[in-house]
Amino acid sequence: MSTTEIFEARTPIAREDLKADENLCEYCTAKCCRYYAFPIDTPKKWKDFDYMRWYLLHGKAAIFVDEGTWYIMVYADCKHLLPNNGCGTYETRPQICREYTTKDCEYDNDSGYDQLFESPEQIEEYAEAMLPLKKRSPWSRERAMGLNLPVISG
Ligand code: SF4
Ligand code: SF4
């Protein structure tokens, strides 16, 4: 979130091609101004994963893990983001925007995370892989034990 002033976004370039007097943000579509994220507890049991499924069922959200910390990310453009990808409140922008730098930003990397979950199904698959059978979801346990076979009448 190191947008400087208002500028027109240009055709993206590779980081290594950036000239010394240029700002990478000038070539970006303000990716870092289009979501917010905050840390959440590391999931340990099915109930924790079930909450995450609930978050993702609402869409416009993802969960990622970065250096061991779990986060929820909500996709939402900042209200001050201008049509030309500049910051409309540059002088009074929040501190987090002032401190964010282009050094490890998402300019050329949609997912620099250790793990990224974008759907409830991905969370469920991960929980199934990580949790012992007795701690999984009720339906996962039933499936594993073959208890949800179709009932054949007649
Ligand atoms: S994602 Fe990086 S390059 Fe793009 S606006 Fe944010 S800090 Fe600048
Ligand atoms: S205030 Fe909004 S538009 Fe400005 S830098 Fe921060 S997130 Fe981006």
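Some conventions come before the structure. Residues are numbered from 1 along each chain as its sequence is written, and chains are lettered from A and ligands numbered from 1 in the order in which they are written. Since the model is predicted, local features need pLDDT of at least 70 and side-chain atom pairs count only at pLDDT 80 or more, while totals for chains, interfaces and linings use all residues.

Let me begin with the sheet. Four strands form an open sheet in the order β1-β3-β2-β4, with antiparallel pairing. At the edges stand β1 and β4, each of which pairs on one side only. From one strand to the next, the twist averages 25°. Helix α1, residues 46–57, packs on this sheet and touches β2, β3 and β4. The direction of α1 makes about 135° with that of β2. Strands here are DSSP runs of E with at least two residues, helices are runs of H or I with at least four, and both are numbered from the N terminus. Pairing requires that DSSP find at least two bridges between two strands. Axes are lines fitted to C-alpha atoms, for helices over the stretch in contact, and angles run from 0 to 180 degrees between N-to-C directions.

How many bridges join β2 and β3? Strand β2, residues 61–66, pairs with β3 in the antiparallel sense over six bridges. Within this pairing, A61 stands opposite V74 of β3, and I63 has I72 as its bridge partner in β3. The hairpin of these strands has two residues between them, and E67 there takes a positive phi near 50°. On the other pairing of β2, three bridges connect the strand to β4, again in the antiparallel sense. Here V65 has Q115 of β4 as its bridge partner.

I turn now to W70, a residue of strand β3, which covers residues 69–75. Is W70 buried or partly exposed? It counts as partly exposed because it has 18 C-beta neighbours inside 10 Å. The scale calls a residue buried if 20 or more other C-beta atoms lie within 10 Å of its own, exposed if 12 or fewer, and partly exposed in between, with C-beta atoms placed from the backbone. Beyond its neighbours within four places in sequence, W70 is in contact with P39, I40, T42, P43, I63 and V65; contact means C-beta atoms, placed from the backbone, within 7 Å. D114 lies 44 residues from W70 in sequence, with 9.8 Å between their C-alpha atoms.

A30, in the segment before β1 (35–40), has a positive phi near 60° although it is not glycine. With 18 C-beta neighbours inside 10 Å, A30 is partly exposed. N85, in the loop between β3 and α2 (95–99), likewise is a non-glycine residue with positive phi, near 70°. N85 counts as buried because 20 C-beta neighbours lie inside 10 Å. T102 is found in the loop between α2 and β4 (115–117). Its C-alpha is 6.9 Å from that of L24, across 78 residues of sequence.

Finally, ligand 2. Around it are 11 residues, of which C33, C78, C87, R93 and C97 come nearest; a residue is near if its C-beta atom, placed from the backbone, lies within 6 Å. This shell divides into seven nonpolar, three polar and one charged. Ala, Val, Leu, Ile, Met, Phe, Trp, Tyr, Cys and Pro count as nonpolar, Asp, Glu, Lys and Arg as charged, and the others, Gly among them, as polar.

Terms used: Contact = placed C-beta atoms within 7 Å.
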